[in-house]
Structures are given as structure tokens and as C-alpha cells.
Amino acid sequence: MDNCIFCKIASGEIPSNTLYEDEGFRVILDNGPATKGHALVLPKEHYANLFEIPEDVLAKAAVVAKRVAGTMKDKLSCDGLNLVQNNGETAGQTVMHFHLHIIPRYRDDGQSILWKPTSPTSEELAAIRDTITGEGC
Ligand code: 5GP
Ligand code: ZN
């Protein structure tokens, strides 16, 4: 992808604050971090999102994220950590190259990465279950 900023960062063409690199991935510090240590796991191959990334590459990305998360816990003494992965503009994706956010959390860090719960009825929950699983059609 000629015009993809994350392809250029992942390949090393554009310099970054790299925390980890192997043949398939580069993990960098986000330049607009939610918290201290906010990092991004970038596959070196271009996949736009979760729908495009092959399962084996996704599985490796999860392992890389787990290792970096462990290091953050040790080195930054964070109190918690969010793994976030956005797909599509509606879901907040701004760079259309698959990436996993690793966001260390600190007590009173002022961030809010959770959602407002809604209150569907049991019938509504059953209906959405049937829509997703294809049952009841
Ligand atoms: P998204 O909203 O697509 O899930 O996340 C994109 C993330 O990439 C944002 O957190 C943003 O701060 C970060 N980002 C965008 N451009 C760059 C860049 O050129 N370098 C780095 N290090 N991070 C970037
Ligand atoms: Zn790309």
C-alpha cells in the first residue's frame, strides 16, 4: 500500500519509537497516546482491518501484544491495561491498516475507554442471538 502511513512505519521507511520488532510485526509508541506507554501492534503486511487479516497473523499479533503488555506491567507499573482494536470509521478507526492498541491504565488517568450499558429485554437479546447464529430463521 503506497500511501499507508502504517505500512511505512512498520517497514522502517518512516522512523518510529519502536518497542519491539520481528519479521512480521513492529510495535510502536502511539504519537497521540491515551496514557503513558500507549502502543500499537502493526503487522508489516497491509490488512485494512479485522475482516481482512488472516487468522494466523491475528493469532501472532495477540501473542506479541501479550508479551508487550507483560513488559509494560513490569516496567511502567500500570494498574490495568486495555487492548483495543477499531474497525471502520464508525468504530473509531482512523488509520486503515490493522492495528492493536495496547493502553496501559493508571488509577486516576482521566481516560474512559468503556461504554454506556443499555438495557435490552430478554426477547430483544434472544432476537439478536438468533440473527447472529442464524437460528429461528
Ligand atoms: P485508530 O483510531 O485508527 O484505531 O488509531 C490510530 C492511532 O494511530 C491513533 O491513536 C493515533 O494517535 C495513532 N497515529 C496516527 N498516526 C500516527 C503516526 O504517524 N505515528 C504514530 N506513532 N501513531 C500514529
Ligand atoms: Zn498499510
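Author: Asp108 is found in the loop between strand E5 (100-105) and helix H3 (122-133). Helices (H or I, at least four residues) and strands (E, at least two) are DSSP runs, numbered from the N terminus. Asp108 has a positive phi of about 65°, even though it is not a glycine. Ser77 is another non-glycine with a positive phi, this one about 50°, and Ser77 sits in the loop between H2 and strand E4 (80-84).

Before going on, keep in mind that this is a predicted model: local features need pLDDT of at least 70, side-chain atom pairs count only at pLDDT 80 or more, and totals for chains, interfaces and linings use all residues. Residues are numbered from 1 along each chain as its sequence is written, chains are lettered from A and ligands numbered from 1 in the order in which they are written, and side-chain values use heavy atoms, with hydrogens and water left out.

Now step back to the whole chain. The protein has three helices and five strands, and along the sequence they run α-β-β-β-α-β-β-α. Its C-alpha trace spans about 50 × 40 × 25 Å along the principal axes.

Next, the ligand. Ligand 1 is surrounded by 16 residues, with Asp30, Asn86, Gly92, Thr94 and His101 the closest; a residue is near a molecule if one of its heavy atoms lies within 4 Å of it. Look for polar contacts here, meaning pairs of N or O atoms within 3.5 Å (within protein, one must be able to donate a hydrogen and the other to accept it, and residues adjacent in sequence count only if both atoms are side-chain atoms). The side chain of Asp30 puts an N or O atom 2.4 Å from an oxygen atom of ligand 1. On its own, ligand 1 has 520 Å² of accessible area, and the protein covers 79% of that (areas come from the Shrake-Rupley method with a 1.4 Å probe; for residues, only the protein chains shown count as cover).

Which elements give two or more residues to the shell around ligand 1? They are helix H1 (5-11) and strand E2 (25-29), and H1 gives the most, with three residues. By class, the shell has seven nonpolar, eight polar and one charged residues. Here Ala, Val, Leu, Ile, Met, Phe, Trp, Tyr, Cys and Pro count as nonpolar, Asp, Glu, Lys and Arg as charged, and the others, Gly among them, as polar.

What about the space itself? Ligand 1 takes up the largest pocket, where sitting in a pocket means that more than half of a molecule's atoms lie within 2 Å of its grid points. A pocket is an open set of points on a 1 Å grid over the protein atoms alone, where a 1.4 Å probe fits, with protein on both sides within 12 Å along at least five of seven lines; lining residues have an atom within 4 Å of a point. The largest pocket holds about 290 Å³ of space, a volume being the space filled by probe spheres set on the points, which are joined across faces, edges and corners. It is lined by 18 residues, and Phe6, Ile28, Asp30, Asn31 and Leu40 are the closest to its centre.
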